[in-house]
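Below is a set of questions and answers on one protein model. The discussion begins with a single residue and then turns to the whole chain.

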Amino acid sequence: MSNPTTGKVGKEALITPDNCVLLLIDHQPFQFSGVKNIDAALLMNNVVALAKAAKVFDVPTLLTSVVEDRGGYIVKPLLDVFPEQKPINRTTINTWEDPACVEWVKRTGRKKVVIAALWTEVCLAFPVIHALGDGYEVYFVTDASGGTSVEAHEMGIARMIQAGAVPMTWIVFASELQRDWAREESAAKLIPALLEHGGATATNLAWEFQLLAGKSGPGV
C-alpha cells in the first residue's frame, strides 16, 4: 500500500456510509480525568453523538480501551450506543500496533478511517500517523478527542495535519454522511441525535420544526 499524496479534494475526498470506518479509542475514566482542553461533559456529549451518528448510517465502529483494569472501562454512555459490542482491550499505547484492531479495519475492506481518541497528542496522533503510512486515508474528530492541555491538543492536531490527516468535528461527520436532507430515512434517525447533542444547533433545529409544523413540503 502506498501512502496517498492526493485525494484531499473532490467528491471522492468526502466520507460516505459505505467507504469509512470509525475507531473510538480509550474513552475511559482515567483518560477523561486528564483532559484539560475541553470540558469533560461537552467531550462526553460529543463522542456519544459521534457514535450515534455512525450507528444511524451503519458505519462499522470499533470501541477499544487500553489496560482497562487500570484505566477503567469505556464510559457507559458510549458503551450503551453499541451494547452488543465487546471492546478490544489493548496493552499498546498506539492502537495501530495492536494486531486485532488493525485486522478489524482490514476485514471491512474500507480505506477511509475516522478516529477519535483520548488523548489527542498520544492515543489519537500515533494511530493516525501510523495508518497514514499504511496507505489509509485518515480523518480525526477534534471535538470528540481531548488532550492533557490546550497546547498538547493543538500540537497533536498540527502534527496530524502535517502528516496528511484531515480534521473534522462530529457534526461535520454526521452531515457528510447525510449529505442530502431528502434522504428521509436516515434523516429521521439522525435528527434525534442532533436534537439531543447539538447544543445551539439543536435549539435552532427545534425552532425550525416548530415553525414548519403542519406545513407541507419536500424533505424532512
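Q: Is valine 66 buried or exposed in this model?
A: The model is a predicted one. The relative accessible area of valine 66 is 13%. The cut-off for a buried residue is under 20%, so valine 66 counts as buried.

Q: Which strand holds valine 66?
A: The strand in question covers residues 61-66. Valine 66 is therefore part of it, and it is buried with 13% relative accessible area. The strand is β2.

Q: Which residues is valine 66 in contact with, leaving aside its neighbours within four places in sequence?
A: A contact here requires heavy atoms within 4.5 Å. With the neighbours within four places in sequence set aside, the partners of valine 66 are Asp26, Gln28, Gln31, Asn89, Arg90, Thr91 and Thr92.

Q: How far apart in space are valine 66 and alanine 152?
A: In sequence, valine 66 and alanine 152 are separated by 86 residues. Taken C-alpha to C-alpha, their separation in space is 20 Å.

Q: What radius of gyration does the protein have, and why does it agree with a compact globule?
A: The protein has 220 residues, and for that number a compact globule would have a radius of gyration near 17 Å. The C-alpha atoms fill a box of roughly 55 × 35 × 35 Å along the principal axes. The value for the protein agrees with the globule because it, too, is 17 Å.

Q: How many helices and strands make up the secondary structure?
A: One of the strands is β2, at residues 61-66. The secondary structure of the protein comes to 10 helices and six strands.

Q: Which element supplies the largest share of the largest nonpolar core?
A: This core has 40 residues, and those with the most contacts inside it include Ile15, Leu24 and Phe173. Elements that each supply at least two of its residues include β1 (20-25), α2 (40-56) and β4 (112-117). The largest share is nine residues, and it comes from α2.

Q: Which residues does isoleucine 15 touch, not counting those up to four places away in sequence?
A: Isoleucine 15 is among the residues with the most contacts inside the largest nonpolar core. Not counting residues up to four places away in sequence, it touches Cys20, Lys112, Val114, Tyr139, Met168, Phe173, Glu176, Leu177 and Arg179.

Q: What percentage of the residues in the protein is buried?
A: The protein exposes about 10,900 Å², of which carbon and sulfur atoms supply 57%. Of the 220 residues, the buried ones make up 48%.

Notes:
Residues are numbered from 1 along each chain as its sequence is written. This is a predicted model: local features need pLDDT of at least 70, side-chain atom pairs count only at pLDDT 80 or more; totals for chains, interfaces and linings use all residues. Side-chain values use heavy atoms; hydrogens and water are left out. Helices (H or I, at least four residues) and strands (E, at least two) are DSSP runs, numbered from the N terminus. Buried means under 20% relative accessible area, exposed over 50%, partly exposed in between (1.4 Å probe, protein chains only). The radius of gyration is taken over C-alpha atoms; the globule rule is 2.2 Å times the number of residues to the power 0.38. Accessible areas come from the Shrake-Rupley method with a 1.4 Å probe; for residues, only the protein chains shown count as cover. A nonpolar core is a set of buried Ala, Val, Leu, Ile, Met, Phe, Trp, Tyr and Cys residues joined through side-chain atoms within 4.5 Å.
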